[in-house]
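Q: Please show me how to read the features of a protein model, one at a time.

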Amino acid sequence: MCIRTVLTYASPVFAHAAPKALHRLQVIQNKFCRAATDAHWCVRNSILHRDLELPTLSKYMKDASKRFFDIAGSHPNALLRAAVDYQPPPPTHFIRRPRNVLFDPPDALTAAVDSLNDVNDTHD
């Protein structure tokens, strides 16, 4: 929760951070989850996130960014709407805009947690 409050402050910007930096923060979150639940070392991180119903940092920031862009797109201020409304550059372009993170594929841990949640939903 300590990391998440700081990242939420500017999630559209932090969601665009380097994958290595986000991975380091995810490792810290995994360690906190393991310590909070007193889980054994052999319990997978995806199982911890599923059982705690805690999204991974990349998924959380992607969802927060989506909410931000949805709200900003319908804001009464024309300047804010104009800042959100843009055409994304081609995929081969080296400069990425913060909104491009919404189109990125999920990382391995997020995909594993989502697949576990899908399995649980089909068994309920």
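**Reading accessibility, salt bridges and helix packing**

A: D51 is exposed, with a relative accessible area of 52%. The model is predicted: local features require pLDDT of at least 70, side-chain atom pairs count only at pLDDT 80 or more, and totals for chains, interfaces and linings use all residues. Residues are numbered from 1 along each chain as its sequence is written, and side-chain values use heavy atoms, with hydrogens and water left out.

Q: Which residue does the side chain of D51 meet in a salt bridge?

A: A salt bridge is a side-chain nitrogen of Lys or Arg within 4 Å of a carboxyl oxygen of Asp or Glu. In this model, the partner of D51 is R50, with N and O 3.0 Å apart. R50 is partly exposed at 21% relative accessibility, whereas D51 is exposed at 52%.

Q: How many salt bridges does a search of the whole structure find?

A: The search finds three. Besides the pair R50 and D51, K59 forms one with D63, where the closest N and O atoms lie 3.6 Å apart. K66 and D70 form another, at 3.2 Å from N to O.

Q: Where do K59 and D63 lie, and how many residues apart are K66 and D70?

A: A helix is a DSSP run of H or I with at least four residues, a strand a run of E with at least two, and both are numbered from the N terminus. K59 and D63 are both in helix α5, residues 57–73, and are four residues apart, which is about one turn of the helix. K66 and D70 belong to α5 as well, and they too are four residues apart, about one turn. Each of these side chains can also be placed on the accessibility scale. K59 is partly exposed at 31%, and D63 is partly exposed at 29%. K66, at 44%, counts as partly exposed, as does D70 at 43%.

Q: What does the secondary structure of the chain come to?

A: There are seven helices and zero strands, and the pattern along the sequence reads α-α-α-α-α-α-α. Of the 124 residues in the chain, 24% are buried. Contact means heavy atoms within 4.5 Å. Among the contacts with a separation of 6 or more, 61% join residues 24 or more positions apart.

Q: At what angle do the axes of α3 and α4 cross?

A: Axes are lines fitted to C-alpha atoms, for helices over the stretch in contact, and angles run from 0 to 180 degrees between N-to-C directions. The axes of α3 (residues 19–37) and α4 (residues 45–52) cross at roughly 65° and come within 10 Å. That makes α3 roughly perpendicular to α4, a term covering 65 to 115 degrees; under 35 is roughly parallel, over 145 roughly antiparallel, and the rest oblique.

Q: Which residues of α3 and α4 meet?

A: From α3 come Q26, Q29, N30, C33, R34 and T37, and from α4 come N45, L48, H49 and L52.

Q: At what angle do α3 and α5 pack?

A: Their axes are 9 Å apart, at an angle of about 115°. That makes α3 roughly perpendicular to α5. On the α3 side, L22, L25, Q26 and Q29 take part, and they meet L57, S58 and M61 of α5.

Q: What distance separates the C-alpha atoms of A112 and R44?

A: The two C-alpha atoms are 10.0 Å apart, although the residues are separated by 68 residues along the chain. A112 belongs to helix α7, residues 108–123, and is partly exposed at 27% relative accessible area.

How values were computed: Buried means under 20% relative accessible area, exposed over 50%, partly exposed in between (1.4 Å probe, protein chains only).
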